[in-house]
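Subject: Structure handover

Hello,

Here is the structure we discussed. Please open it alongside the notes below.

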Protein chains: 4
Amino acid sequence: MHDLDEETLDRPHEECGVVGLWAKKGSGVEVARNLFFALYALQHRGQEAAGICTSDGTLVNIHKGLGLVSQVFNEDNLRPLQGHFGIGHNRYSTTGGNHIANVQPFYIQTLHGPVAVAHNGNLTNATVMRDAMMSRGVGFISTSDTEVITQFLARPSMNVRADRPNWEARLAHLGEEAEGAYSLAILTREAIFAMRDPLGLRPMCLGALKGEDGKHTAWIVASESAALLTIGASFIRDLKPGEIIRIDDDGPRTVREPHERAPKPALCIFEYVYFARPDSHIEGQSVHVVRQRLGRRLAQEAPVEADIVIGVPDSSLVAAQAYAHVAGLPYVDGLIKNRYIGRTFIQPSQQMRKNQVRLKFTALRDNLEGKRVILVDDSIVRGTTMGPLVSLVRDGGRAKEVHVRVASPPIQHPCFMGVDLASHDQLIAHRMTVEQIRAHIGADSLAYITRDGLHAAVGEGARPGMGHCDACFSGRYPVDVSAFGLDDGKLQFESRKRGED
Amino acid sequence: MHDLDEETLDRPHEECGVVGLWAKKGSGVEVARNLFFALYALQHRGQEAAGICTSDGTLVNIHKGLGLVSQVFNEDNLRPLQGHFGIGHNRYSTTGGNHIANVQPFYIQTLHGPVAVAHNGNLTNATVMRDAMMSRGVGFISTSDTEVITQFLARPSMNVRADRPNWEARLAHLGEEAEGAYSLAILTREAIFAMRDPLGLRPMCLGALKGEDGKHTAWIVASESAALLTIGASFIRDLKPGEIIRIDDDGPRTVREPHERAPKPALCIFEYVYFARPDSHIEGQSVHVVRQRLGRRLAQEAPVEADIVIGVPDSSLVAAQAYAHVAGLPYVDGLIKNRYIGRTFIQPSQQMRKNQVRLKFTALRDNLEGKRVILVDDSIVRGTTMGPLVSLVRDGGRAKEVHVRVASPPIQHPCFMGVDLASHDQLIAHRMTVEQIRAHIGADSLAYITRDGLHAAVGEGARPGMGHCDACFSGRYPVDVSAFGLDDGKLQFESRKRGED
Amino acid sequence: MHDLDEETLDRPHEECGVVGLWAKKGSGVEVARNLFFALYALQHRGQEAAGICTSDGTLVNIHKGLGLVSQVFNEDNLRPLQGHFGIGHNRYSTTGGNHIANVQPFYIQTLHGPVAVAHNGNLTNATVMRDAMMSRGVGFISTSDTEVITQFLARPSMNVRADRPNWEARLAHLGEEAEGAYSLAILTREAIFAMRDPLGLRPMCLGALKGEDGKHTAWIVASESAALLTIGASFIRDLKPGEIIRIDDDGPRTVREPHERAPKPALCIFEYVYFARPDSHIEGQSVHVVRQRLGRRLAQEAPVEADIVIGVPDSSLVAAQAYAHVAGLPYVDGLIKNRYIGRTFIQPSQQMRKNQVRLKFTALRDNLEGKRVILVDDSIVRGTTMGPLVSLVRDGGRAKEVHVRVASPPIQHPCFMGVDLASHDQLIAHRMTVEQIRAHIGADSLAYITRDGLHAAVGEGARPGMGHCDACFSGRYPVDVSAFGLDDGKLQFESRKRGED
Amino acid sequence: MHDLDEETLDRPHEECGVVGLWAKKGSGVEVARNLFFALYALQHRGQEAAGICTSDGTLVNIHKGLGLVSQVFNEDNLRPLQGHFGIGHNRYSTTGGNHIANVQPFYIQTLHGPVAVAHNGNLTNATVMRDAMMSRGVGFISTSDTEVITQFLARPSMNVRADRPNWEARLAHLGEEAEGAYSLAILTREAIFAMRDPLGLRPMCLGALKGEDGKHTAWIVASESAALLTIGASFIRDLKPGEIIRIDDDGPRTVREPHERAPKPALCIFEYVYFARPDSHIEGQSVHVVRQRLGRRLAQEAPVEADIVIGVPDSSLVAAQAYAHVAGLPYVDGLIKNRYIGRTFIQPSQQMRKNQVRLKFTALRDNLEGKRVILVDDSIVRGTTMGPLVSLVRDGGRAKEVHVRVASPPIQHPCFMGVDLASHDQLIAHRMTVEQIRAHIGADSLAYITRDGLHAAVGEGARPGMGHCDACFSGRYPVDVSAFGLDDGKLQFESRKRGED
C-alpha cells in the first residue's frame, strides 16, 4: 500500500487510540455504538486497524479488522457486540506489521475469567517480560507487547485470596513489572479498568454520560477528551500517572493511587506538537492554545524580515497564524492540501515521482508570487518533505524568499515509548546541523523553536506538577532504554534523576 | 449508509469529476495511472463511484466500481487498463441511486465502433431525448442521462459519409439536441473528445504533459485545473462554452467553435462558492482569491460589532479570514472538524442524535468564551446544520454573541443542471425570511452577501465576457426548466434574454 | 482460474439453465426463493454466473453475479427481490468471457416498459441481427446474443395497436427473425413468457405448484423437469418447439402455436448423452432410462471378451451398468472421483502436471488388478482425458486389458447452437480414425455406439414426431451455419430437407 | 448458513483432514502447492475452514480462512507460503463455532522456537489439561483442544538439556498427558513431526515423492492415503498407534515406538462405514472393498424377498451393489442426488420445507414403479432423512414395498473422540427399538448389520493385531469418558480391559 502520508511527507507516525465504556445495566446506552463513535473521534491516532470488545458480564463479544474504523464496522458486525460495557482500540501498526494477529483488543480466557486489553504506548522491557513468560511455558501468537500484557494478566495471583479474580492486585503487579509507556483499557467480566504508566507518557482521561434525569448513566475513559465530546460525554479529569481506575455499576473509583515516591510525570510533549487533536484538553489546557503559544514563541525567538506567513496544512496553521500575529505580518493560505487524499494502493507514475508532494499539496501563486514567505511547520522528522515544499512555494508559488520556521526543536533521537518516529540514521537533525538542513531543503533561512521555548509554551497553561518527556529533542529518556542498544554516549537515562527531584 | 456529510450537515451536494488523457503512442506515459491520480485530485467532486476506460486504438478496457477512487482501484485492476488514451469519472449519485448500472464511464459498441462517455452535468431534456430514442427502439439499462448521451452517439450519421465514423458530426448533432449542463470526456477508437455545453455551465480545462525533451507528450482535459497540477501537467486554457475538442497524436484541436450567436456564458457560480478546489483556476482566476473577495465584500456589506471572526471548516475559512481582515478583527479558530470523518455505515445512538453536529465539529472554548463571535459560512442550504453550529459556539464555546455571515446569497431555488441542492420545500430560504432564519438558527444577527456583491466578487477577476448561472439565488434559469413542473411563477426562463444580450 | 473439469478432462462444456415463475398475487409463494432453488437444481447447466429478476407488476428488481448460485445469493440480496413473478438464469460463459456485463438476465427499459430476458441457446444469426440493430442506432454493452434478443424486444411494434405493449406480437416477430437455438424466459410488467425455437433445440418444460386447497397457485417454466421436482412442482408438459406461452394470473396459455409447416423437431441429442440430469424427463422419457438403453445398445453393438465392466464417474455409470447387464459381466467400481473437486485458482505443481487426471480420479486396484476391463464413457470430445484414464486403469489399477466403449458416436463437428464443444481442430474424431484414437489413448480396443444405435436408443421412448439434432456426429446441421465459415464440404445445411419431411 | 447436508440429511458429521510435507532443500518440490492439493483430496473430512503453514527453517508463514480449501487459497495468498516444509488442515467445526480463532493450524512462538499444530481428533481430557495450564498462567484465545496441545508444547522441558529444543521429549510428554483421539502434524523450525494417539483412533499414513532420479525427495504424512495418490506420492505405511515420527532432510524416522504394554488399537470403525474416501487404504485394506464386504454380509444376515436393490448416493452405492450381487437381484439407480448441492445461505420456502429431501434427491420412477425395493444405506444417525427417503421411493417412485437395510449397526451412543455424531437424545436408536424405527420411517422392513458382522467385514482384510473402536454401537469406550457426564450405566470404560488383552 502506498501511503502518501508516509512516503511523501515528513510526519512522525501516529500512535494508538484507546477507549473504554461502562454503562449502568438497563441504562439503555448503546455501548458498542458509542465505542464506535469514540474510536471515530480518535481515528487520527491510528488508521491501520480497529477493534471493539464488549460484555454483559457473562458473554464476551469481539470484532476487529484491518482498516479505518468506518471500514471495519458496519451494522451487521456491530449488532452482535451486545453488552453494557466494552473497550475499543485504533491501531497504528509498528513492529510486527499489519497482520490481523496484532490487531487489538487482545482477548483471552484465563484462570480468572476472560480478559481483553487495549493498549496505547510501548513497553520498553517487553522482550524481557516476554522471555520470562515464555520460560514459564507461555506461547505467543503475535509479536505485540499488548499480548505480553494480556498474558501477564493470566498469571495466577500470588499473595491473593484464590476465591475471586483480584484484577486490582494483578494490575498493580503489572505496574511493578512493566516499564515504558502504557495507557490501558481492560475488560473483565466484573469491571473495566483503566491504567496509566507511572510517568504518564501517554494521555488518558475520564468522562461521563448523563441520562435524561441528569444523573450519570455511563462512564468513559479515552486517550483524548475529544472522544468524550463526540459522544456527548462530559469531561471529568485526566487519569493521574500511575493511577488504576475500576469502573462498574458503582461508577469509577481509584484502586491504586500513584506511588508517593513516583517519578515526575513525563507526558510525551509531542502530543502537544502534533499527535493530539487541537480540540482535546490535556493537563488542564487546550492543545490548540498550546500550539498558538508555540507559534507566538517561535515568532519571538526567530523573527525574520518577510511579507507574509503561511503554514503547512493542517496541523501547522494555528502556529503560523500566531506567528503572523506576533510578527505583525499577514497570515495567508499558501499551500492547499487535497482533503480527500489518503491511502491508495496505486503507485505514482514515473513523471509524478519526481515531485510527489504535488499529489498532496498545491501552492497558491496568487498569494505567494513575489513575496518573502515565512513557512511554519510543526516539526521536521526525516526532512524528506520540507525540501519539496520549499521548492513548491518558490517555484510553483514564485515566492521571492522562503524562510522556514519550525514550532518544535530539532528531533535528534528516536522514541522508544510508542512513537515510531524513525531510527537515528533517518532523523535529519541527528545527521546534520541546522545550517546543513537549511541548505538541504533549499530555504533562505531556517530556525527551530528552542527546547526552553517549547517547555515554556507547554508548561505555561498546564496544571502544577506536570512534566514532559522530550527525549526525542534532548536524548534524556525518562526510562531505561539501554535494551535498544544506544551506546553512542548521547543518551542518558533520566528516570532516577527525575524521581529524585 | 449514514453519510455524516449529508445527514447532519447543510452542504450542497457534490457533482461529478471528469478527466480525459491522450498520450502519444510510445511516449511511455502511464495513462491509467495518470487518470487515477487525476481522479484522486477531483475526489471532492464525487465520492460515490469511480471508473476508468482506456484503449490502445483497438481494444477497449474498463473498470468501475462503487466507492472512493482509492477504494475502487488497486494495482491488480489497474494493470489490465492498457492503452495510450483513456477517460475517467468520479460520480456523485443523484437520481437512480447508487446502483452499479449507473456508474460511469458508460461504454457501448456502436455501428461506428466503441464509444465511452464520462459526463458532468445534467441534461434538462434527458427525458424527452430518452423517450424519442425509446420510440426508435432503443432499450436502456439505467436511468442515467449519461446513457442517453451514449446511446445518442450510437445513432447512424445522417448527411455524413458512411465510410468513416464521423464522431465530430455526431457530437455536433448531440450539441444541437441536448439541453442543460454537460462537460463531457468521450473515448473512441480514434481519438478522445471533450465538449462543453453552450452555456459552459460546468467547468472543463485543457493541459499538457511535457516529456524529458520539453515537448508535449500527452494532453489532458479535466473538470478542474487542480487535477493538472497533481499529475505535473501544465495548464493551457479553459474549454470555451460550446467548444468541442478532439485529441489524438496530432494534439488537441477544436473541431467545433462556439456558435457566433451563442448565449452568454453561464458557469455555475456555486463552483466559486463551494464546489471547486481553492487551488483550481477557472475563467482565468483563482478560486481561492474569489473566496477572499467574497469574505471582504461580505465584511463591507454586513459589518457587525464583535470581538473575533471564525469560519466553518474547511471551505469557509478563507472567507472568514478575509472578513476579519476588512473588519479589523482577530481571525481565530473556533470550530475544529474531525479530519477523518467520512462515510460510515453506523447510525448514531439515541443520545448522540440530539446533537449530531458534535460528531463532526467541536468548539474551541479557549478562543470563544465570553466573546462576541462572527461566524462565517459559505452557504446555507437546508438550514439543518447552522442552528446546531450556533448552539455549539454559544453553549459549547460559551460565546456571548453569535453573528452569522454567509458568503453567498439566500438559496431559494433548486438546481436542475447537475447539482442536487434540494427541492423547493427543503430550501430554508424558500420557506423563510432572513429574520425567520435568524430566529430559527438562534443567531444574534444574520446577513448574507448580496447577489450584486457575489457577482462583483466573482466578476472582478474573470476574463472578459464571462457570465454566471445564479439560478439557485435568482430563480432565473439559463435553460428551459419547465419540464420540472415549476409553476409557482417565481421562475423565469432566462436563456433567450441572455442570448439577446 | 484453473478448472479441473475443463483442463484435465474431456467433457463437452455445459450450456445454461433458465427458469421462470409466476405466482398468483396473494398466494404467498416466495418467488425469489423458489427461483433460487430451481436454479440450484439446474446448477449443472452453468456454473459461471447466476441472476434473478422479479417484479410485482410495478417495480422490477434484479440481482446477478459471478459464481455458483449458492455463492451469488444470500438472504441479504434475496430479500429485495420482491414480487410475485420472476425469471432466473444460470450461465455457462461462452464468447465474451466471464465479464459481469454478460451475466443474465438482461434487463432494460423500453418504450413498452421494462423487459428482462433469460436465454439458453445460441443464435446462429446473432451477428446479422446485431449489425442490423446497430445500423438503426442501438449501442450494445456486451457481446452476448441475449442482449441482441433483449434490444430486439425494445423495437417499436409495427402493425400493432400502439395503446398497449403487445409483447406477444413482438415475440412472434423475434421468432421470425432469430435463427438457431433459444429457449427463453421473459419478464415484463404484465406477464412472463416462455418460448422455444421452432426446432426445439434446447429443452424447456412447464409445471405448477399447488396450494393447500389443491388448486394451482403458481406456474413454472424451466430448462429441465428436475427443477420442478426440487421445488415441489408437478410436471405438466414440455413446451412445443416454436411455441410461445404467456403466464399471468389466468395461468399459462399458448399465444403462438408452432407453425403448421414447421421443420421437424431437432432437440440436441447431447442432452440425453451428457447435459441433462438423469432424473429429468424430456420428450416424455427419462434421461436415465435413455442412458440405460445406450449402454445396452453399446453392449450389443460392440461386445468384447472381458472380466469386468466399469464406467467413468458419474455420468457414464448407468451406461456401464447396462452394458454389464447385457454382456453378462460383473459391473464394479473401478474409478473413484473426488466428490469435492471443483474450480480452484491454484495451478498444479510440476510433478502433478504429468498426470493431472489423478487430481480428480483414482483407480481401485482391488477391483481391477489382473482383470480384462471394459471402460465405458459417455463421450470423447478432445481426447485429452481418455488416454490418462486408460493409463490409470492399466498402471494404477494393474488391469490386464482395457477396452474402451463409448456411448455416443465420434464427435466430428462443432456445435453452433449453444454448446461450446470445441473447434474442428480440437475434436479428436475430426482428426483421427477410430483406430488412430485407440492407439492414441493406449486402449486394447475402442468402439463407439453407431449413430443408428444412438437414434434408436433415444427414439425408442420418445413421444411420436420427435427428432434430434446430431450435427456434432453427422455434420448435418438443422440451421444455416454458413456464417461460421465451414467450407470443407463436410457440412450440409439440413433444415430445408427436414422442413420438407 | 443453511447446510443441506446437515439440516435435511441424516449423516454423521465429518471430522478433520491433516497433512504434513517435508521436501529436501533444493528439491524443487513446491511445498505449499502440494499441501493445497493434498488438502483438496481430503476436503471430504472438513469443509468449514482450511489452513497451511510453511517454513524454510527460519521464517514461518501461515494462511488460513473459513470455507473450502479452494475458497481459502488463491495464487496470491499461496505465493508467500514459501519454504521446503509445512503442514495443512481441513477443519470441520465442532464446539466453539466457526470462528476464525478456531481455525487450524495453530501457530505460536515458544521458548523453544515457533511451533504449529494441525490436529484430527478430540482430547477427552482437554478441559483438565486446559485448566491445569490456566492455573500455571496461560491464557487461551480459543476453546479449541488444538490450542491446548499447542500451548502444552510451549512448556519448558523438564529433565531435558536446555541447549536445544527437544521436541521429541515434549511430544512424548504430550503423549503421556493427552487422552482421547489425536492424529497430529506438527511444524517446528527443525523438522515436522507426526503423531498418533496410543489407540490409533484416527488414521494417519506416510508416503514419499520421488524425483526424476527415482530417489525420494519429499515425504508426506496425511490422514488418508488418497491424499498421497492425488499429489503423485507413493504409499509407505500407516503410522502405528502411539508412534511419533520426525521428518527432516534425513527422511522420516520413528522417535517414539508404541509402548510395549500399549492398549489394543482402536481405530474408529466409522472410518470404514462412512468417513474415509473409498479409494483410501487403511490398515492394509481398501475402504471400498470393506464396504463391498459390508454389503455382502448385510445381504447374508438380512435377506428379504424383493425385486431390486438400490442405495442412497453416494456412499452407500457400493454396499447396495454388493448386497444385490449376493441376493441375486438387479442393482439399479433409484435415487439421484444433485451433484452441485452444497452449502447455501438461503432457507427453503414454506412449501419446500415439507419435503426438504427433494432439494437433494429425486426418485427414478422408471426404475422403481411397482417394484419391491431394498434400499441400502450405510448408517442411520438421527433418523431424520430415512423417513423422507422411504416416502420418496414409495410415493415419488411408486415402489410397491420399501425394505431398508443398513450397513452398520444401530448407533446408540455419542462419540467423544472427534466425531460430532449427536447427543444421546438425538440418536434415534438410543430412543427407539428397531421395530419402532421401522414404523417411524415407514419402511416395510428394517434390518441392520450385526456388530459381529461389522467387525467380521472390517477385520477380514485388516493387518493382524488391528482393533476398532465401536463405542457408538456398543457403548464400550476405549478411553475414560466419565468427564462427559454419562451416568446412565450403559457406558463402560473399556481401555483397561483392552490393554490387558
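C:Val373 stands opposite C:Val402 in S21(C). The model is predicted: local features need pLDDT of at least 70, side-chain atom pairs count only at pLDDT 80 or more, and totals for chains, interfaces and linings use all residues. Residues are numbered from 1 along each chain as its sequence is written, while chains are lettered from A and ligands numbered from 1 in the order in which they are written.

Strand S20 (residues 372-377) and strand S21 (residues 401-406) of chain C pair in the parallel sense, over six bridges. Pairing requires at least two bridges found by DSSP between the strands. Helices (H or I, at least four residues) and strands (E, at least two) are DSSP runs, numbered from the N terminus.

Helix H14 (residues 386-396) of chain C lies across S20 and S21 of chain C, at about 145° to S21(C). Helix H16 (residues 434-441) of chain C packs on the sheet too, touching S21 and S22 of chain C, and makes about 130° with the direction of S22(C). Angles run from 0 to 180 degrees between N-to-C directions, with axes as lines fitted to C-alpha atoms, for helices over the stretch in contact. Contact means C-beta atoms, placed from the backbone, within 7 Å.

The open sheet has four strands in the order S17-S20-S21-S22 (chain C), with parallel pairing. Strands S17 (308-311) and S22 (445-448) of chain C are at the edges with a single partner strand each, so one side of each lacks a neighbour in the sheet.

**Antiparallel sheet, chain C**

A second open sheet has six strands, ordered S5-S6-S7-S8-S12-S13 (chain C), with antiparallel pairing. Its edge strands are S5 (106-110) and S13 (251-256) of chain C. The twist averages 25° from one strand to the next. Five bridges join S5(C) to strand S6 (residues 113-123) of chain C. C:Phe106 stands opposite C:Val117 in S6(C).

**Chains together**

The contact between chains A and B takes 48 residues from each chain. On the chain B side, H2(B) gives the largest share, six residues.

Which rotation superposes chain A on chain D? A rotation of 180°, with 0.0 Å of shift along its axis (RMSD 0.1 Å). In chain A, the C-alpha nearest the axis belongs to A:Val138, 2.9 Å from it.

Best regards

How values were computed. Two residues are in contact if their C-beta atoms, placed from the backbone, lie within 7 Å. Copies are superposed by least squares on the C-alpha atoms of residues with pLDDT of at least 70 in both.
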